[in-house]
Amino acid sequence: MSACVPTRDDHTSRSWRQSNGPGIKRPHSPPPPRRGGRFRIAGADLSASITVFLIAVPMSLGLAVAMDAPLEAGLVSAAIGGIVAGLLGGTPLQVSGPSAGLTVVTAELIQIYGWRTTCAITIGAGLLQILLGAVRAARSALAVSPAIVHGTLAGIGVAIALAQLHIVLGGSPQSSAVDNALALPAQLDRLSPAAPLVGGLTIAILMAWPRLPGRIGRAVRRIPAALASVAIATAVAAVAAPGTARVDLPSWRSHALPELPQGPVLALATAVFTVTLVASLESLLAAVAVDKLTTDRAGRQSTESPASAVPTAPPVRRADLDRELRGQGISNVLAGLLGGLPVSGGAVRSSANVRAGATGRASTVLHGVWVLLAAGLLVTALEWIPLAALAALVMMVGIQMVSYAHIRNVHKHREFPVYGATITGVVLFGVLKGVAIGIAVAVVIALHRLARTRITVTDQGGQHLVVVRGQLTFLAVPRLSRMLGRLPQGGDAVVELDGFFMDHAAYETIQDWSDAQTAQGGRVVFTGRSGGRIAEPASAAHSCCRPWTPWRNHHCHDRPEPDSVHRDRGTRADAGSEHHATATRPSPGTTDTTTDVTSNSTPTTSAAAPATEPVPGAPSSTALPATPRRTGSHRLVSGLSSFQRNTAPLVREELARLAREGQRPSQLFITCADSRLVTSMITASGPGDLFTVRNVGNLVPPPGAEAGDDSVGAAIEYAVDVLQVESITVCGHSGCGAMQALLGAEPDNPQTSLWRWLRHGLPSLERMESRHRAWARISGRLPADAVEQLCLTNVVQQLDHLRAHESVSRRLAAGTLQLHGMYFHVGEAQAYLLTEGASAGTCIDEVFDHVGPGDPSGSGELERTSA
């Protein structure tokens with residue numbers, strides 16, 4: 001596995017071992033804060049803060065309208081989310097403010113308890129978030145399946161869109177998503193044109209603004225689409241529809257502050273828990289998304305800039321999720337105390353912040369300052385905005401929360417039932433019950449997939465080996481994230497995955513960690529259990545065909561003790577080329593690791609001779625090296641166990657079909673019993689493709705010969721007359737012990753069963769020594785030695801013996817059977833085919849042609865045809 005294990009120099013490997021010094025955080029923890037520094041404002045942060053401010057103001061007002069809350073409460077939350085969460089949160093580039101995910105929950109709380117009690121509930125949710133952050137429970141929140149989170153947000157989005165549609169149509173929303181859907185026909189009957197036209201204009205500008213063409217389009221697209229749509233709709237409404245409903249910002253003197261909550265304790269506790277759950281999950285998922293965007297931006301900048309270029313800005317620190325949760329909690333406590341809406345991290349504002357080029361917290365904090373100034377100085381301008389324009393803006397946000405990309409991902413990862421159950425539950429029964437339904441469905445599905453998962457991390461002197469045994473589901477994500485978090489940032493690692501399933505949550509955790517490590521100069525290699533790299537070729541995702549016998553390091557079930565395995569990994573040379581059937585990169589849903597196959601998978605007919613070599617009398621060079629081996633019974637049981645564990649699940653369906661339909665092989669394949677010759681591997685064939693006859697020396701006794709062998713003749717007759725095969729291949733190989741024995745044969749060789757069998761190879765020896773025949777050879781070179789010469793000649797001679805069989809000659813005369821000669825060089829892993837005329841017996845020159853990787857092939861079938 002040495003090709004898969006990166007190395008590090010001494011200087012680099014020492015850099016992270018000093019992590020126990022004062023002021024140095026542990027690996028994967030956020031870097032320590034700068035001491036003695038000051039709050040710096042870069043030019044990029046200033047421009048990014050203005051961009052986010054222009055998005056946040058209409059969004060905050062629109063969400064306040066959607067929640068039926070005081071409009072100034074949205075501005076209060078936007079300012080607190082920007083300043084407080086920006087300074088105290090753990091994600092520098094995340095922008096917090098009024099939560100779209102909490103729209104439905106907050107609207108229901110306001111309707112049931114009133115605004116002032118809702119503010120108290122927000123304070124309670126903030127205190128609970130602070131507690132969860134203090135006990136470092138942030139990563140445990142990631143154990144919730146992404147299908148549940150995205151289903152919850154999608155259900156909330158549907159509810160938001162249905163409610164805001166009523167305002168766009170000039171009416172008022174109902175208390176639930178179902179009521180809003182049922183009330184739509186009546187709303188359409190009393191439709192007034194002003195509000196729908198303003199809302200339609202807002203939606204049209206929102207959709208068209210990012211697609212404006214030309215140089216002018218590129219210039220005006222710098223203005224956020226949300227601001228442009230609301231501004232244009234406001235200007236048009238001021239001229240064309242002056243009577244339409246507009247924003248009404250009451251005096252700050254009448255601003256409502258919280259009161260002691262009144263109501264059943266259990267109901268209030270449930271409300272606090274619901275707000276905490278939704279706000280925390282939305283914030284943490286947004287933080288993870290911001291980390292992704294930041295890593296992608298850093299990767300693009302590194303590829304676009306020369307390697308020697310000096311970076312213009314320091315790298316952005318990775319998110320500290322526990323600190324982020326505490327920062328969100330403090331923001332919610334202050335928002336509740338000051339009469340604001342619940343606060344959470346927002347994906348729309350955060351992504352705009354990253355794309356605008358922000359480099360630190362300054363952009364987030366400044367955006368909050370601009371919102372605070374606007375709330376005090378721009379009240380008159382804000383009151384010109386039509387409610388229909390804000391409702392249309394929020395309605396589009398709700399529609400975008402139902403993401404087709406999320407639906408496609410959860411379907412690909414076989415989690416669509418969880419997603420569908422969650423979104424249905426949220427729409428019909430509310431957020432908390434919808435989440436509970438989604439969790440119940442996810443648990444039921446996980447029971448079918450869940451197995452014990454063991455994760456170990458081993459330091460191998462400058463690099464780390466992470467071994468994951470078992471299936472990876474979202475329940476293993478906290479432990480997986482914790483183990484990966486202990487590795488040094490930017491370090492080299494090998495991740496060995498030994499399992500058959502990885503869900504979306506685990507995949508995202510590993511992929512995000514890998515991307516972050518790579519972006520910081522590290523190298524991550526994923527391998528299967530046997531050490532083969534797990535890569536993802538371009539065609540892998542669309543290929544429905546895979547070889548039957550992925551075969552590399554196939555003795556992995558004979559491993560020594562674990563300690564010696566890890567020692568060997570560091571010194572093992574890369575033997576040969578990469579695995580011809582490399583497994584795909586870990587995918588959510590199913591993870592295919594390298595399959596261990598230790599035996600030929602094709603039907604085999606033994607023929608009168610033992611399958612072990614060397615042959616008595618052969619040169620001593622053929623003796624096997626004296627290496628210690630496991631007992632035969634152990635190897636048999638281990639191989640069978642490996643087959644049942646790894647290969648049987650892959651071939652069970654195909655074997656069941658073959659059992660129902662019977663065997664219909666297209667070829668009779670006659671080859672040597674040499675253990676190094678794996679017919680299914682070298683022909684890329686599978687069960688049912690080859691009818692195989694194996695014997696010492698790949699001999700075909702002529703019919704009626706003295707001491708003939710009925711086993712081979714019976715197999716030929718059965719294949720030709722009963723199975724109706726289309727071709728017969730005689731395959732010899734390099735270093736054949738039978739041919740070596742024939743070359744060293746003595747006239748008084750003992751008359752054992754083995755030597756009586758080898759007498760059928762004497763015609764091949766006589767043919768090679770004859771001066772009246774051309775020597776068989778490989779195209780472009782002479783045989784390496786007498787053994788290779790006899791191996792080639794033997795293939796041609798056995799084809800002559802085949803033609804003497806009555807069933808074969810009859811089919812050849814009818815033109816329904818073809819003969820092929822083949823030679824396989826074991827040391828080179830190279831196949832050679834006898835030319836067409838020589839295979840048919842019509843050509844004097846006996847030449848074997850090289851078969852290259854680009855030659856025509858067809859799923860294990862030999863495509864050459866004889867004359």
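Is Asp 800 buried, partly exposed or exposed, and what is its relative accessible area? Asp 800 is partly exposed, at 28%, where buried means under 20% relative accessible area, exposed over 50%, and partly exposed in between (1.4 Å probe, protein chains only).

## Basis of the model

This is a predicted model, in which local features need pLDDT of at least 70, side-chain atom pairs count only at pLDDT 80 or more, and totals for chains, interfaces and linings use all residues. Residues are numbered from 1 along each chain as its sequence is written, and side-chain values use heavy atoms, with hydrogens and water left out.

## Overall make-up

The protein chain has 32 helices and 14 strands. Helices (H or I, at least four residues) and strands (E, at least two) are DSSP runs, numbered from the N terminus. Of the 867 residues in the protein chain, 51% are buried. The accessible area of the chain is about 40,200 Å², with 59% of it supplied by carbon and sulfur atoms; areas come from the Shrake-Rupley method with a 1.4 Å probe, and for residues only the protein chains shown count as cover.

Contact means heavy atoms within 4.5 Å. Among contacts between residues at least 6 apart in sequence, 78% join residues at least 24 apart.

## Nonpolar cores

A nonpolar core is a set of buried Ala, Val, Leu, Ile, Met, Phe, Trp, Tyr and Cys residues joined through side-chain atoms within 4.5 Å. The largest one holds 100 residues, and Leu 61, Ile 121, Leu 472, Leu 497 and Ile 510 touch the most other members. Helix α7 (residues 146-168) gives the largest share of this core, twelve residues. A second, separate core has 46 residues, including Phe 691, Ala 738, Val 808 and Phe 848.

Once neighbours within four places in sequence are set aside, the contacts of Leu 472 include Thr 453, Leu 480, Leu 497, Phe 501 and Ile 510. Asp 503 is also in contact with Leu 472.

## A nonpolar surface patch

Leu 87, Leu 88, Ile 330, Leu 334, Leu 337 and Leu 338 form a nonpolar patch on the surface, with about 470 Å² of accessible area together. Two or more residues come from each of α3 (71-88) and α13 (321-337), and α13 gives the largest share, three residues. Patches are made of residues with over 30% relative accessible area and no salt bridge; like charges are joined within 9 Å, and nonpolar side chains (Val, Leu, Ile, Met, Phe, Trp, Tyr) within 5 Å. Ile 330, in helix α13, is partly exposed at 31% relative accessible area.

Gly 124 is in helix α5 (residues 115-134) and is partly exposed, at 23%.

## Salt bridges

A salt bridge is a side-chain nitrogen of Lys or Arg within 4 Å of a carboxyl oxygen of Asp or Glu, and the count by this rule is twelve. Asp 800 forms one with Arg 767, with the closest N and O atoms 2.7 Å apart. Asp 800 lies in helix α30 (residues 786-803) and Arg 767 in helix α29 (residues 762-769), so this pair ties together parts that are 33 residues apart in sequence. Arg 767 is buried, at 8%, whereas Asp 800 is partly exposed. Salt bridges with shared partners join Arg 767, Asp 800, Arg 803 and Glu 846 into one network.

Arg 657 forms salt bridges with Glu 654 (2.5 Å, N to O) and with Glu 661 (2.7 Å, N to O). Arg 657 and Glu 654 are three residues apart in helix α24 (residues 632-661), about one helical turn; Arg 657 and Glu 661 are four residues apart in that helix, also about one turn. Arg 657 is partly exposed at 28%, as are Glu 654 at 22% and Glu 661 at 39%.

## Cysteines

A disulfide is a pair of cysteine sulfur atoms within 2.5 Å, and by this rule the count is zero. The cysteine sulfur nearest to that of Cys 736 belongs to Cys 672, 4.1 Å away. Cys 736 is buried, at 2% relative accessibility. For Cys 791, the nearest cysteine sulfur is that of Cys 736, at 5.1 Å; Cys 791 is buried as well, at 3%.

## Positive phi values

Most residues other than glycine have a negative phi. Asn 698 has a positive phi, near 40°, and sits in the loop between β9 (690-695) and α26 (710-722). Asn 698 is buried, at 2%. Gln 724 also has a positive phi, about 55°. Gln 724 lies in the loop between α26 and β10 (727-733) and is partly exposed, at 45%.
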